Amino acid sequence: MTAAAPGIPGVRKAAAVVLALGLSATLAACSGDDGDGGGKGGDDPKLSVTGAYVSQPPMTDMAAGYLTVRNAGGGADELTSVTTPLASEVTLHATKGTRMKQVSSLDVPADNRLELSSGGDHLMLTNLSHRPKVGEKVSFTLHFATSAPIEIKVPVEPTTYRPKD
């Protein structure tokens, strides 16, 4: 029995090391941190913006903005507001049939997109600081319910502009 006694602390130490490594691996697997800081892994929205533009307004006090928010993540989000130095107010508008209605947010579905287009959902910019010219770039900041804001530069296109699919 005395010969086994010196080995017991070694066994305990080895077991403690194995237990610590196992717990570390379990905690790392549960954290789900995929580098986006969200901590939920595949359930987080992963947003990007494409196809943004502002139609050159025919009037000096109001313009419309269009863009697509792509969500490559497994979690949904909502566009809650947009700010720009071009306008003192930007409102979100949903279009159902021929009726346009101001809304407080627009859904950005998981693994899908929110498309703001002429004749559909869109942004209304009011109280413009100036009438933008074709070719000018306008700064927009998009604000979301859960994702960090996204800043983009948006070109001003002719009033008759229609993007290619």
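1. Which pattern does the protein follow, read along the sequence? The order is α-β-β-β-β-β-β-β-β-β-β, and the secondary structure comes to one helix and ten strands, where helices (H or I, at least four residues) and strands (E, at least two) are DSSP runs numbered from the N terminus.

2. On provenance, this is a predicted model, in which local features need pLDDT of at least 70 and side-chain atom pairs count only at pLDDT 80 or more, while totals for chains, interfaces and linings use all residues. Residues are numbered from 1 along each chain as its sequence is written, and side-chain values use heavy atoms, with hydrogens and water left out.

3. Of the 165 residues in the protein, 35% are buried, meaning under 20% relative accessible area with a 1.4 Å probe, protein chains only. Among contacts (heavy atoms within 4.5 Å) between residues at least 6 apart in sequence, 67% join residues at least 24 apart.

4. Leaving aside residues up to four places away in sequence, Val69 touches, among others, Leu47, Val49, Val108, Leu114, Leu142 and Phe144.

5. Threonine 91 lies in strand E4 (residues 87-96) and counts as buried because its relative accessibility is 9%. Beyond four places in sequence, threonine 91 touches Gln102, His122, Leu123 and Met124.

Key. Buried means under 20% relative accessible area, exposed over 50%, partly exposed in between (1.4 Å probe, protein chains only).
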